[in-house]
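The sequence and the structure are shown first.

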Amino acid sequence: MLLRALDAAGRHGPALLFAGVLAGLAMPSLADAASPLRDAGVFCFTLGAFLRVAPSELRRTVPTRGGALALIAWTVVGVPLATWLGLAALGLDRALADALLLCALAPPLGGAATVAALLGLSAPLALWATVAGTLAAPWTMPALGSWLGVAGPAFEPLGTALRLALLVGGAAALAALAHRVSGPRLRANATAVTGFSVLGMVVFAIGAMHGVQAQALAQPATAALAVLAAFAFNAGLQALGTVLFLRLGRRDAMTAGLVGGNRSVGLAWVGAGDGLPAAVELGLAAALLPIYVLPAMLRRGVERLLSTEPRAMHCGATIRTL
């Protein structure tokens with residue numbers, strides 16, 4: 001019964017995630033109850049991302065050397081720098097700017113491969129970028145965050161590194177053990193593994209709405225600006241990443257854009273630690289919305305672009321098979 005429930009969650013992931021956000025917004029008591037479980041939810045969907053592929057299989061999704069370096073540079077360094085430059089030019093409120101910069105510092109969304117598959121993009125490339133970025137996060141997030149000047153006492157580089165190392169390292173170690181003990185069973189139930197990750201994301205999404213309804217009602221203009229900025233941040237980074245990697249073909253270029261724009265807000269939240277200002281938490285909560293809404297809005301446009309691409313460009317130029 002549990003396996004069937006997880007399988008259903010994996011097949012209906014986008015709908016469940018959107019429903020989780022709406023439930024947290026509509027029912028503050030539910031969001032309050034789920035708020036203490038946010039870290040557990042982040043651990044579960046991070047673990048789910050590692051469970052989706054065995055270490056030996058991950059090697060098959062590694063891009064060519066040049067493609068690997070370029071994708072890592074973009075997702076780890078390029079996205080935060082582009083966001084920092086854009087925020088400096090726009091002059092947004094400091095709390096909202098900090099929220100968006102925290103998101104940019106985080107690795108790609110744990111479910112990026114699932115979203116890529118839904119849009120007809122390169123799921124293997126998205127998965128590789130997610131795993132590589134997540135493993136690097138305990139070192140890159142605090143270093144870049146300190147350098148780029150993320151404000152607030154909650155962001156302390158050493159504490160951030162330790163929290164992320166425990167979360168990411170623990171999830172990676174547990175996933176490696178699971179693959180060693182029951183790898184064939186995990187591969188046979190890939191949709192259920194995705195469902196496990198989706199449920200973790202739903203728990204986090206509901207808890208992330210803690211206090212958001214009250215803030216939105218008290219400051220509707222601030223909340224509206226946060227939502228608009230979150231959509232512009234996500235869509236802008238997707239567009240920029242696509243343009244930068246266009247020489248690799250539309251499919252891989254749009255995949256690079258996808259992982260650049262859709263960041264793991266949960267890891268950003270955990271990495272920043274407790275005590276974030278309410279205005280920063282509002283910005284982080286707003287950043288969840290385009291992750292769940294934009295794929296449905298972009299799906300038809302992506303299909304059209306891919307259908308008009310020359311057949312030779314559909315080979316997945318950046319992927320090599322070992």
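## Overall makeup

The model is predicted. The protein contains 16 helices and zero strands. Of its 322 residues, 52% count as buried. Among contacts with a separation of 6 or more, 85% join residues 24 or more positions apart.

## Nonpolar core

The largest nonpolar core comprises 91 residues, and Val-265 and Leu-284 have the most contacts inside it. Helix 16 (residues 278–307) supplies the largest share of this core, with twelve residues.

## Helix 15

Val-265 is also one of the buried residues of helix 15. In this helix (residues 265–272), eight of the eight residues are buried, so helix 15 is largely enclosed by the rest of the structure. Besides Val-265, the buried residues are Gly-266, Leu-267, Ala-268, Trp-269, Val-270, Gly-271 and Ala-272.

## Helix 13 against helix 16

Helix 13 (residues 220–244) packs on helix 16 at an angle of about 50°, and the two axes are 8 Å apart. Helix 13 is therefore oblique to helix 16. The crossing of helix 13 past helix 16 is right-handed.

On the helix 13 side, the contact is made by Thr-222, Ala-223, Ala-226, Val-227, Ala-230, Phe-231, Asn-234, Ala-235 and Gln-238. Helix 16 contributes Leu-282, Ala-286, Ala-287, Leu-289, Pro-290, Ile-291, Val-293, Leu-294 and Leu-298. By class, this contact has 15 nonpolar, three polar and no charged residues.

## Helix 13 against helix 14

Helix 13 also meets helix 14 (residues 250–261), where the axes come within 7 Å and cross at roughly 145°. Helix 13 passes helix 14 in a right-handed crossing.

From helix 13, the residues involved are Phe-233, Asn-234, Leu-237, Gln-238, Gly-241 and Thr-242. Their counterparts in helix 14 are Ala-253, Met-254, Ala-256, Gly-257, Leu-258, Gly-260 and Gly-261. This contact divides into six nonpolar, seven polar and no charged residues.

Ile-206 lies in helix 11 (residues 190–208). Its relative accessibility is 12%, so Ile-206 counts as buried. Not counting residues up to four places away in sequence, Ile-206 touches Gly-20, Gly-24, Leu-30, Ala-31 and Ala-34.

With 6% relative accessibility, Ser-197 counts as buried. Apart from neighbours within four places in sequence, Ser-197 is in contact with Cys-44, Phe-45, Gly-48 and Ala-49.

Terms used: Residues are numbered from 1 along each chain as its sequence is written. This is a predicted model: local features need pLDDT of at least 70, side-chain atom pairs count only at pLDDT 80 or more; totals for chains, interfaces and linings use all residues. Side-chain values use heavy atoms; hydrogens and water are left out. A nonpolar core is a set of buried Ala, Val, Leu, Ile, Met, Phe, Trp, Tyr and Cys residues joined through side-chain atoms within 4.5 Å. Buried means under 20% relative accessible area, exposed over 50%, partly exposed in between (1.4 Å probe, protein chains only). Helices (H or I, at least four residues) and strands (E, at least two) are DSSP runs, numbered from the N terminus. Axes are lines fitted to C-alpha atoms, for helices over the stretch in contact, and angles run from 0 to 180 degrees between N-to-C directions. Angles under 35 degrees count as roughly parallel, over 145 as roughly antiparallel, 65 to 115 as roughly perpendicular and the rest as oblique. A crossing is left-handed if the near helix is turned anticlockwise from the far one by less than a right angle, and right-handed if clockwise. Contact means heavy atoms within 4.5 Å. Ala, Val, Leu, Ile, Met, Phe, Trp, Tyr, Cys and Pro count as nonpolar, Asp, Glu, Lys and Arg as charged, and the others, Gly among them, as polar.
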